[in-house]
Amino acid sequence: MAAQFDMAAGPFNAQNRGLSGTIVCIVKQEGPKGLYSGLVAGLHRQMSFASIRIGLYDSVKTFYQKQLRREKDGASMPTRIMAGITTGAIAVSCAQPTDVVKVRMQAEGADPFAGKKRYTGALSAYRTIAREEGMKGLWKGTGPNIARNSIVNATELVCYDMVKEEILAMNLMTDNLPCHFTSAFITGFVTTCVASPVDVVKTRFMNSRPGQYTGALDCAMKMFYEGGPMAFYKGFTPSFMRLGSWNILMFVFYEQLKRGFTHLNQQNRYREVKAPI
């Protein structure tokens, strides 16, 4: 639905209808399943992108700490930001085709007069894009996507770490579910504010017609001339709903899984120590 807002244009666009109006319009035109356009490609993206950026974060952060010789002092904010940017860039480089397919499938329903759909599913979208645009079509918009996701990744991971540490340092909460929920909610809002401009440009550029823009910068400049600064914050509410809910679920489950695996690892070590020789 955020892609619907990002791609909207014309007097009857998503901005004029508002969030609730857009939901109703999508359901009328495409049925309830229209709200889940691009779901399969979205799952492809999250399984590849999220696992890389989150899974590598602590290892990359530790690597930078060792290079800067700050093992005893803990990771500083610049070190965390560098780790977030690095893992975000690596993840995008690997998962870019899944993001292109997701955006194309979501934006396909933005124009009610578009006629027959080009893609029957995620696999069909991969094949069609590769056949019509070549393999480079699956990596279209990699530059702005790296910029966007490096910013998002660094903002999410660093903001969550800092907010959580501040809450615990001020004794506002203990290290439990309410603390994780609050930290993730604040992180979602901050991330949306920071990432929206790049996100809108990325979506517009990745779904553009061949030759419509010479590059991501050209796309951003034309958007600014046409709509001013607020053009970069189209669809802020659905974007916040998406990023906010995503951050809450991601960090809450991440904390619980981390605790579970830590507890399991401690139990295994205890059994090894107690095991008779």
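In this predicted model, a residue is called partly exposed when its relative accessible area lies between the buried limit of 20% and the exposed limit of 50%.

Q: Why does Phe-189 count as partly exposed?
A: The relative accessibility of Phe-189 is 41%. Buried requires under 20% and exposed requires over 50%, so Phe-189 counts as partly exposed.

Q: What makes Phe-236 partly exposed?
A: Phe-236 has a relative accessible area of 24%. Buried would require a value under 20%; therefore Phe-236 is classed as partly exposed.

Q: How many aromatic pairs does the structure hold, and why is the pair of Phe-189 and Phe-236 called edge-to-face?
A: There are 7 aromatic pairs in the structure. The ring centres of Phe-189 and Phe-236 are 6.3 Å apart and their planes stand at 85°. Pairing requires centres within 6.5 Å, and edge-to-face requires planes over 60 degrees apart, so this pair is edge-to-face. Phe-189 belongs to helix 9 (residues 177-206) and Phe-236 to helix 11 (residues 236-274), and the pair links parts of the chain 47 residues apart.

Q: What makes Phe-189 and Phe-240 an edge-to-face pair?
A: Their centre-to-centre distance is 5.7 Å and the angle between the planes is 85°. The limits are within 6.5 Å for the centres and over 60 degrees for the planes, and the pair is therefore edge-to-face. Because Phe-189 lies in helix 9 and Phe-240 in helix 11, the pair ties together parts 51 residues apart in sequence.

Q: Which residues form one aromatic cluster with Phe-189?
A: The cluster consists of Phe-185, Phe-189, Tyr-233, Phe-236 and Phe-240.

Q: How do you know that the charged end of Lys-140 sits over the ring of Phe-205?
A: The charged end of Lys-140 is 5.9 Å from the centre of the Phe-205 ring. The distance limit is within 6 Å, and the direction must also lie within 35 degrees of the ring normal. The charged end of Arg-45 likewise sits over a ring, that of Phe-49, at 4.5 Å from its centre.

Q: Which residues have the most contacts inside the largest nonpolar core?
A: They are Tyr-57, Ala-83, Ala-184 and Phe-251, in a core of 14 residues. Helix 11 gives the largest share, 4 residues. Ala-83 touches Tyr-57, Val-60, Lys-61 and Tyr-64, not counting residues up to four places away in sequence. Apart from this core lies another, of 12 residues, including Val-103 and Leu-138.

Notes. Residues numbered from 1 in each chain as written. Predicted model: local features only at pLDDT ≥ 70, side-chain atom pairs only at ≥ 80, totals over all residues. Heavy atoms only, no water. Phe/Tyr/Trp six-rings, centres within 6.5 Å; stacked < 30°, edge-to-face > 60°. Helix = DSSP H or I, 4+ residues; strand = E, 2+ residues; numbered from the N terminus. Buried < 20%, exposed > 50% of the residue type's maximum accessible area, 1.4 Å probe, protein only. Core = buried A, V, L, I, M, F, W, Y, C linked by side-chain atoms within 4.5 Å. Contact = heavy atoms within 4.5 Å.
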